[in-house]
Amino acid sequence: MEYIIEMKGISKIYKTGDEDTVALKDVDLEVRRGEFLAIMGPSGSGKSTLMHILGLLDRLTTGRYFLEGRDVSKLRDGGLAGLRNRRFGFVFQQFNLLPRTSVLGNVLLPTIYGRIKNPRSRAIKLIEEVGLGNHINHKSNQLSGGQMQRVAIARALIMDPAIILADEPTGNLDSKRSLEILDIFRRINAGGSTIILITHEEQIARHADRTIRLLDGEIVSIAERVA
Ligand code: ADP
């Protein structure tokens, strides 16, 4: 079995004033290459912290993290940033687009920090694949929420990442738009990408291969999808 991600005994402690917050406690997690994993849990249970550590946006306090077999626990900032840009695509609840920039400009943003071949034609192809071929030059603040999230997904895919990390990607969308976004994630997953998605919604998690639940910084259950 090849694991794209292996975490062993991960903990994360935030130092805030004289009180420490233990956001993750001794978490073990293995993710298979090509898996669609959902992360659930109440507010404050550590989901975003786990996502930030997975995506190399933040450092663990103790434990080991192997990404594609490589120990990334002790990489320096430069190494982390490079790896993050090449291996991960991020999708957030608030879309995080540049509002006065075109759809094309938003999708091209990650290519400023890392090179790819023919960025423009690749961006246009991805924009068409998420169904926005007629909106390539629209400014992102002229789009609906569902359209914005589709731009964000195209942006997440531009560097051809191995892993897509999505933090409540449907949290700001109605159920019809949510299912459209979910369909796009399923298509990306069928193409071989690993997807890790935080959600509150059972109807979204139902489509994942596996769902892990966090409570107070610990994994309290891991469930395979019932076929
Ligand atoms: P969730 O995403 O499940 O809502 P978080 O990972 O955001 O949970 O938070 C887990 C715990 O860590 C909470 O108690 C939260 O207050 C705390 N926490 C999160 N981020 C920080 C931070 N930057 N500084 C201090 N405490 C934090």
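Helices (H or I, at least four residues) and strands (E, at least two) are DSSP runs, numbered from the N terminus. This is a predicted model, where local features need pLDDT of at least 70, side-chain atom pairs count only at pLDDT 80 or more, and totals for chains, interfaces and linings use all residues. Residues are numbered from 1 along each chain as its sequence is written, and side-chain values use heavy atoms, with hydrogens and water left out.

**Thr199**
- Thr199 sits in the loop between β8 (194–198) and α7 (202–205).
- At 1% relative accessibility, Thr199 is buried (under 20% relative accessible area, 1.4 Å probe, protein chains only).
- Its side chain gets to the backbone nitrogen of Glu201 at 3.0 Å.
- Leaving aside residues up to four places away in sequence, Thr199 touches Ile39, Met40, Glu168, Ile204 and Ala205 (heavy atoms within 4.5 Å).

**The open sheet**
- Here 4 strands line up as β2-β1-β4-β5, with antiparallel pairing (two strands pair if DSSP finds at least two bridges between them).
- The edges are β2 (19–32) and β5 (70–71), each with a single partner strand, so one side of each has no neighbour in the sheet.
- β4 (residues 62–67) pairs with β5 in the antiparallel sense over 2 bridges.
- Phe66 stands opposite Asp71 in β5.

**Cavity lining**
- The largest cavity is lined by residues including Ile53, Asp58, Arg59, Tyr65 and Ser73 (on a 1 Å grid over the protein atoms alone, a cavity is a set of points where a 1.4 Å probe fits but cannot get out; lining residues have an atom within 4 Å of a point).

Methods
On a 1 Å grid over the protein atoms alone, a cavity is a set of points where a 1.4 Å probe fits but cannot get out, and a pocket is an open set with protein on both sides within 12 Å along at least five of seven lines; lining residues have an atom within 4 Å of a point. Buried means under 20% relative accessible area, exposed over 50%, partly exposed in between (1.4 Å probe, protein chains only). A polar contact is a pair of N or O atoms within 3.5 Å; within protein, one must be able to donate a hydrogen and the other to accept it, and residues adjacent in sequence count only if both atoms are side-chain atoms.
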